[in-house]
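Let's take a walk through this structure, looking at which side chains pair up and where they sit. Have the model open and follow along.

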Amino acid sequence: EHGLQRVAAVAHRYVAEMEEIAATQAAAGLTPALFEAIAETYRRLARSPLGQTPPEDIDPALTIVDVLESL
């Protein structure tokens, strides 16, 4: 549960990285679809309430249900 909260809190860090990997895949003649989807997932997580929470402020008492509802 804490891991999912942390991923949301740092998701903004990974959007550009996934977009770069997608571009590399496309340049190599491979489908970029998987990494484009991962970038979009991170983008949505970053916009969620947990995505707006600094990692050090994550509430360890949140349950997995609380985390998923906030996303």
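Start with the aromatics: a search of the whole structure turns up one aromatic pair. The partners are Tyr14 and Tyr42, whose ring centres are 5.3 Å apart with planes at 40 degrees, so the pair is tilted. If you wonder why that angle gets the label, planes under 30 degrees apart would count as stacked and planes over 60 as edge-to-face, with the rest called tilted. Keep in mind as you look that this is a predicted model.

Where do the two parts of the chain linked by this pair lie? Tyr14 sits in the loop between α1 (2–10) and α2, while Tyr42 belongs to helix α3. The two are 28 residues apart, and their pairing links distant parts of the chain. As for solvent, Tyr14 is partly exposed, at a relative accessible area of 32%.

Now for the charged side chains. How many salt bridges does the count come to? The answer is four, taking a side-chain nitrogen of Lys or Arg within 4 Å of a carboxyl oxygen of Asp or Glu as the rule.

Pick out Glu19 and Arg43, whose side chains meet in a salt bridge at 2.3 Å, N to O. Glu19 is in helix α2 (residues 15–27) and Arg43 in helix α3 (residues 33–47), so this contact ties together parts that are 24 residues apart in sequence. Both ends are partly exposed: Glu19 has a relative accessible area of 39%, and Arg43 has one of 23%.

From Glu40, carry on to Arg44: their side chains form a salt bridge at 2.9 Å, N to O. Glu40 and Arg44 are both in helix α3, four residues apart, again about one turn of the helix. Is Arg44 buried or exposed? With 55% relative accessibility, Arg44 counts as exposed, since the cut-off for that label is over 50%.

Definitions and conventions:
Residues numbered from 1 in each chain as written. Predicted model: local features only at pLDDT ≥ 70, side-chain atom pairs only at ≥ 80, totals over all residues. Heavy atoms only, no water. Buried < 20%, exposed > 50% of the residue type's maximum accessible area, 1.4 Å probe, protein only. Phe/Tyr/Trp six-rings, centres within 6.5 Å; stacked < 30°, edge-to-face > 60°.
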